[in-house]
Amino acid sequence: MMTVSSIENGIVLDHIAAGRGMDLYKALGLDELSCLVAVITNAYSKKMGRKDIIKIDAEIDLNLDIIGYFDPNITVNIIKDGVNTKKPKIEPPERIENIIRCKNPRCITTVEQELPHVFKLTDRENMVYRCIYCESKAK
Amino acid sequence: MRNLIDILDLTTSEIDELISVANDIIESPKKYAHKCDGKKLATLFFEPSTRTRLSFEAAMYELGGNVLGFSEAQSSSSAKGESVADTVKVVGYYADIIAMRHPKEGAPMVASMKSDIPIINAGDGGHNHPTQTLTDLLTIYREKGRFDGLTVGLCGDLKFGRTVHSLIGALSRYNNVKFVLISPNELTIPEYIKKEVLEAKNIEFVETASLDEVMPELDVLYMTRVQRERFFNEQDYIRLKDSYILTPEKLLSAKKDMCILHPLPRVNEISVAVDSDPRAKYFVQAQNGKYIRMALILKLLEVE
């Protein structure tokens with residue numbers, strides 16, 4: 001069995017759906033960090049069967065809206081001096097800006113310069129986000 | 001400052017108020033002939049239109065105001081690459097209110113975020129067309145005297161038909177309205193309207209491909225055109241354009257007081273022979289479009 005060592009000060013993102021760890025890694029811009037980052041895929045999970053985990057060996061400001069949009073079931077563990085100090089509650093954000101782009105070819109965002117891509121949560125139960133301009137569902 | 005981007009920007013009591021003012025304009029047009037003296041409406045039409053643009057212009061002239069604008073994108077600075085935001089900012093220095101049609105969905109909302117004067121969405125791609133919905137509502141109210149308890153048939157292109165989507169949204173706020181959705185399988189109402197509007201509000205609706213079967217139960221029949229400009233594939237358009245053609249024979253089973261509406265232009269989905277049927281109200285509907293736009297301009301300009 002492969003082991004990845006614990007971190008002393010940093011962040012652990014746990015309970016990521018198996019196979020989505022790299023997508024979240026990119027969405028959070030972790031590829032731009034200079035610190036050690038470990039992406040563990042297909043780890044065993046009692047609850048999920050398989051899961052992905054991301055370990056960041058530094059205290060950084062994470063955009064929790066991105067995580068909430070990605071999957072509100074992800075657990076964020078803030079580690080200080082080797083101890084898990086807090087788990088911020090992850091909620092699907094009401095509004096996201098420039099996290100995803102509208103895919104509707106008829107949307108004004110395809111032509112209007114410097115227009116932010118904004119989506120709002122229209123159905124919390126089914127996690128449906130819609131473009132505020134053309135109301136297309138986020139894909 | 002108010003804008004009209006989506007029909008749901010207006011409450012039902014505001015819609016009642018607009019219908020009441022429009023009815024008063026129809027009764028006493030002279031009373032309104034100078035309400036907008038010295039005011040200017042800019043019609044920014046980035047996409048061709050006959051009825052909507054001319055009815056806005058006629059509405060403003062009949063209120064005593066003036067009109068400026070353009071009727072196609074090629075004759076505006078957007079052809080040079082100017083943004084919607086910059087266009088409306090500049091037009092705000094020359095006019096008091098803007099009616100905008102744009103092929104891109106959401107363009108009028110972008111305009112409303114940047115404009116210093118009220119914006120009226122005069123149609124944005126396949127998305128919204130709130131003044132058409134106001135026209136439809138005024139016509140239904142004048143013909144039927146109510147919205148509550150009506151059975152409304154919507155026939156044709158229910159997938160891309162923006163007028164249908166807006167009308168369902170508007171009528172779903174009244175009591176006991178039943179929708180009969182008549183379309184070929186390829187052009188059925190989008191899932192999100194079924195789930196987020198009809199099912200969410202527990203509104204009765206049926207979907208069918210047969211107009212003949214449901215004709216006898218309808219109080220209102222709203223016909224739509226299968227629009228060439230909404231298709232990316234010409235073959236699909238040709239295959240579906242003649243799905244429903246309303247003829248005097250098909251109307252034999254309809255109620256004597258049913259009213260037939262159509263946002264126009266029609267191509268061939270309503271036979272010309274239907275025009276002389278007293279139930280055909282689509283030309284009256286086009287005329288009502290001017291009156292409800294007059295009422296709307298007065299409201300947004302806050303003219304007493």
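**Pockets, cavities and backbone details**

Author: In this predicted model, α7(B) gives the most to the lining of the largest pocket, with six residues.

Reader: What volume does the largest pocket have, and which residues are the closest to its centre?

Author: The volume of the largest pocket is about 1,400 Å³. Its lining is made up of 46 residues, and those closest to the centre are A:Arg130, A:Glu135, A:Ser136, B:Pro190 and B:Tyr192.

Reader: Which elements give two or more residues to the lining of the largest pocket, and how do the lining residues divide by class?

Author: From chain A, β7 (118-123) and β8 (128-131) each give two or more residues, and from chain B the elements that do so are α6 (162-171) and α7 (191-199). By class, the lining of the largest pocket divides into 16 nonpolar, twelve polar and 18 charged residues.

Reader: Is the peptide bond from B:Leu264 to B:Pro265 cis or trans?

Author: Most peptide bonds are trans. B:Pro265 is found in the loop between β9 (259-261) and α10 of chain B. For the bond that runs from B:Leu264 to B:Pro265, omega is near 5°, and the bond is cis.

Reader: Turning to the cavities, how many are there of 30 Å³ or more, and which element gives the largest share of the lining of the largest cavity?

Author: The count comes to two cavities of 30 Å³ or more, and the largest cavity holds about 80 Å³ of space. The 13 residues of its lining include, as the closest to its centre, B:Arg51, B:Gln132, B:Thr135, B:Pro263 and B:Ala286. Since domain 1 (7-128 + 288-300) and domain 2 (131-286) of chain B both contribute residues to this lining, the largest cavity lies between them. The largest share of the lining, five residues, comes from α10(B).

Reader: What volume does the second largest cavity have, and how many charged residues are in its lining?

Author: The second largest cavity has a volume of about 60 Å³. Among the residues that line this cavity are B:Cys155, B:Met223, B:Arg225, B:Lys241 and B:Glu269. By class, its lining has four nonpolar and three polar residues, and the charged residues number three.

Reader: How are α3(B) and α4(B) set to each other, and is their crossing left-handed or right-handed?

Author: Helix α3 (residues 84-91) and helix α4 (residues 107-114) of chain B pack with their axes 9 Å apart, at an angle of about 50°. With that angle, α3(B) and α4(B) are therefore oblique to each other. The crossing of α3(B) and α4(B) is right-handed.

Reader: Is the phi of A:Asp81 positive or negative?

Author: Most residues other than glycine have a negative phi. A:Asp81 lies in the loop between β4 (75-80) and β5 (83-86) of chain A. The phi of A:Asp81, a residue other than glycine, is near 50°, and this value is positive.

Definitions and conventions
Residues are numbered from 1 along each chain as its sequence is written. Chains are lettered from A and ligands numbered from 1 in the order in which they are written. This is a predicted model: local features need pLDDT of at least 70, side-chain atom pairs count only at pLDDT 80 or more; totals for chains, interfaces and linings use all residues. Side-chain values use heavy atoms; hydrogens and water are left out. On a 1 Å grid over the protein atoms alone, a cavity is a set of points where a 1.4 Å probe fits but cannot get out, and a pocket is an open set with protein on both sides within 12 Å along at least five of seven lines; lining residues have an atom within 4 Å of a point. Grid points are joined across faces, edges and corners, and a volume is the space filled by probe spheres set on the points. Helices (H or I, at least four residues) and strands (E, at least two) are DSSP runs, numbered from the N terminus. Domain bounds come from an automatic or database domain assignment. Ala, Val, Leu, Ile, Met, Phe, Trp, Tyr, Cys and Pro count as nonpolar, Asp, Glu, Lys and Arg as charged, and the others, Gly among them, as polar. Axes are lines fitted to C-alpha atoms, for helices over the stretch in contact, and angles run from 0 to 180 degrees between N-to-C directions. Angles under 35 degrees count as roughly parallel, over 145 as roughly antiparallel, 65 to 115 as roughly perpendicular and the rest as oblique. A crossing is left-handed if the near helix is turned anticlockwise from the far one by less than a right angle, and right-handed if clockwise.
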